[in-house]
Amino acid sequence: MRNIFIGLMIFLGLTMSSCTGILDGVNDNPNELTPDDVNPEFFLTGAQLANTLAQCGHLNRISGLWSGQLTGFTSLYSNIYGYSISTAESVDEWSHVYVATVTNVRLIRDKAVGDNLLIGIAKVMEAHAVGTMAILMGDVPYSQIGDFDIPDPVFDSQRSVLTAMIALLEDGITDLDNAVSRDLPQDIHFEGDATMWKAAAYTLIARYYLIMKDYGSAYTAAQNGIADGGSSMKYFPRGDASITEGDKNLFWTILEGSRTGDIGTGDSYMMQLLDSGNGNYRGNAKTDETARFGYFKVDESGGAANTGVIEQFEPHNMVTYAENQLILAECGARTQSFAVGLGHLNDLRAWLNTGEFLNANWNTEPFSYEAYEDADFMNGGMENADNMDMTRALLREIVEERYISGFGMYMAFNDARRLRKSDGDISVPFPLNPSSATQHPERMPYSDDELNSNSNAPTDDPGIYSVTEVNQ
């Protein structure tokens with residue numbers, strides 16, 4: 001890893017907010033422009049866009065392929081669907097996190113002295129970005145990054161990085177507690193709302209505790225997390241509808257470009273769960289998935305066929321109310337009681353029953369998410385036909401709902417690895433690709449650039465079947 005400053009370049013190349021006035025008082029020679037000449041607010045959009053690409057881009061689609069949510073039909077995505085992948089596939093996301101996001105947010109923290117809002121946001125963003133790399137790949141650099149005297153930082157253990165991210169999020173929450181919200185158009189997620197950022201930080205803490213199977217701490221954190229659908233952290237495309245390029249849904253964009261026909265939902269296991277005509281349909285007398293089946297369909301041919309979750313202006317989920325509520329449900333059932341877990345699941349189902357999660361193309365189609373009762377999970381009940389322990393039956397339903405609600409995030413891939421060894425009875429049993437394979441992938445590969453440039457990187461990538469520390 002080479003600690004180079006490209007924050008201003010990222011900002012100028014990616015930001016969608018107005019640039020008026022940024023260069024007032026700065027020498028016209030661009031070669032003399034320095035970070036000190038730029039208001040720290042203007043590093044924010046570039047960092048957020050870079051993090052969006054890391055959270056919602058290529059590796060995210062790969063996680064969907066490896067979690068039974070997507071199907072790779074041809075070319076690159078067909079190979080990856082069958083678990084054939086090179087370290088080159090992680091180069092962009094690694095750069096988005098370590099160069100574009102971390103560089104920019106640390107410049108904000110250095111320059112925005114006394115601005116608790118900006119500093120708090122910057123800390124939450126760094127924890128989100130680096131924490132994602134640790135979850136996906138295992139051991140990653142953190143403790144020595146950003147030090148110009150250490151061009152080749154060591155790879156810290158996965159657990160230590162996630163622990164450090166929790167501490168950073170807690171620091172960010174303290175900053176946000178002392179911050180005053182203000183109109184901040186450079187903040188493309190929450191527009192300077194400190195309360196929303198703080199809730200997202202708590203949900204991320206809960207996510208990281210969940211990943212490490214500290215279910216009690218995850219439940220505690222999620223109680224302060226995102227409390228309604230309108231407060232979810234999302235990326236909203238803002239491009240021009242008259243052109244196919246520019247600021248659009250990232251998945252929609254690749255199907256409009258060189259990847260038309262390469263990747264979609266097809267007859268994936270997720271779509272089987274949502275298809276009322278399939279034997280794996282998850283619906284029942286209290287659950288109608290008709291609308292969600294249509295909304296989640298990704299047509300590999302692209303174009304006007306995609307009117308749902310990857311419609312050109314459909315937002316990308318990043319940290320959501322559904323995630324937080326399902327952490328409460330799972331961890332509540334594990335550490336509190338069956339009744340607590342069921343209550344949180346029913347709270348989510350009440351929200352799903354409003355149709356708020358659907359766009360206008362699909363919210364008039366049939367859907368239903370009525371509240372479950374204890375009897376539904378008792379032996380022989382609607383959600384317990386195989387007569388397992390009723391709390392385990394509830395957990396199975398919660399994990400399955402995470403599998404669906406987490407589409408477009410890394411949730412399904414993370415859950416599969418977390419639950420495969422310790423909780424196989426409640427894990428979603430999506431098939432191998434192809435069926436002749438003998439094991440599911442356990443991690444994403446390191447960036448080829450990092451392996452070649454950092455003397456402290458492993459000599460070779462451990463491989464996608466190497467189990468990471470938290471999933472041993």
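This is a predicted model: local features need pLDDT of at least 70, side-chain atom pairs count only at pLDDT 80 or more; totals for chains, interfaces and linings use all residues.
Helix α3 runs over residues 58-65 and is mostly covered. Eight of its eight residues are buried. They are H58, L59, N60, R61, I62, S63, G64 and L65. Helix α13 spans residues 321-335. Its 15 residues reach 21 Å from the first C-alpha to the last. That is close to the 21 Å expected at 1.5 Å a residue. Helix α13 is also mostly covered, with 13 of its 15 residues buried.

Now turn to packing. Two packed helices are described by the angle between their axes and the distance between the axes. Take helix α2 (residues 44-56) and helix α6 (residues 116-137). They pack at an angle of about 20°, and their axes are 10 Å apart. An angle under 35 degrees counts as roughly parallel, so α2 is roughly parallel to α6. Their crossing is left-handed. From α2, the contact draws on L44, A47, Q48, N51 and Q55. From α6 come L118, I121, M125, H128, A129 and T132. By class, this contact has six nonpolar residues, five polar ones and no charged ones.

The next pair is helix α7 (residues 158-177) and helix α8 (residues 194-211). Their axes come within 9 Å and cross at roughly 160°. Angles over 145 degrees count as roughly antiparallel, so α7 is roughly antiparallel to α8. This crossing, too, is left-handed. On the α7 side, the residues are L162, M165, I166, L169, E170, I173, L176 and D177. They meet A194, W197, K198, A201, Y202, L204, I205, Y208, Y209 and I211 of α8. The contact of α7 with α8 divides into 15 nonpolar, no polar and three charged residues.

Last comes the backbone. Most residues other than glycine have a negative phi, and most peptide bonds are trans. Some places here depart from that pattern. S75 is not a glycine, yet its phi is positive, about 55°. S75 sits in helix α4, residues 75-81. Its relative accessibility is 43%, so S75 counts as partly exposed. K213 also has a positive phi, near 65°. K213 lies in the loop between α8 and α9. At 26% relative accessibility, K213 counts as partly exposed. Finally, a cis peptide bond joins N433 and P434, with omega about -10°. P434 belongs to the loop between α16 and α17.

Note on methods:
Residues are numbered from 1 along each chain as its sequence is written. Side-chain values use heavy atoms; hydrogens and water are left out. Buried means under 20% relative accessible area, exposed over 50%, partly exposed in between (1.4 Å probe, protein chains only). Helices (H or I, at least four residues) and strands (E, at least two) are DSSP runs, numbered from the N terminus. The expected span of a helix is 1.5 Å times one less than its number of residues. Axes are lines fitted to C-alpha atoms, for helices over the stretch in contact, and angles run from 0 to 180 degrees between N-to-C directions. Angles under 35 degrees count as roughly parallel, over 145 as roughly antiparallel, 65 to 115 as roughly perpendicular and the rest as oblique. A crossing is left-handed if the near helix is turned anticlockwise from the far one by less than a right angle, and right-handed if clockwise. Contact means heavy atoms within 4.5 Å. Ala, Val, Leu, Ile, Met, Phe, Trp, Tyr, Cys and Pro count as nonpolar, Asp, Glu, Lys and Arg as charged, and the others, Gly among them, as polar.
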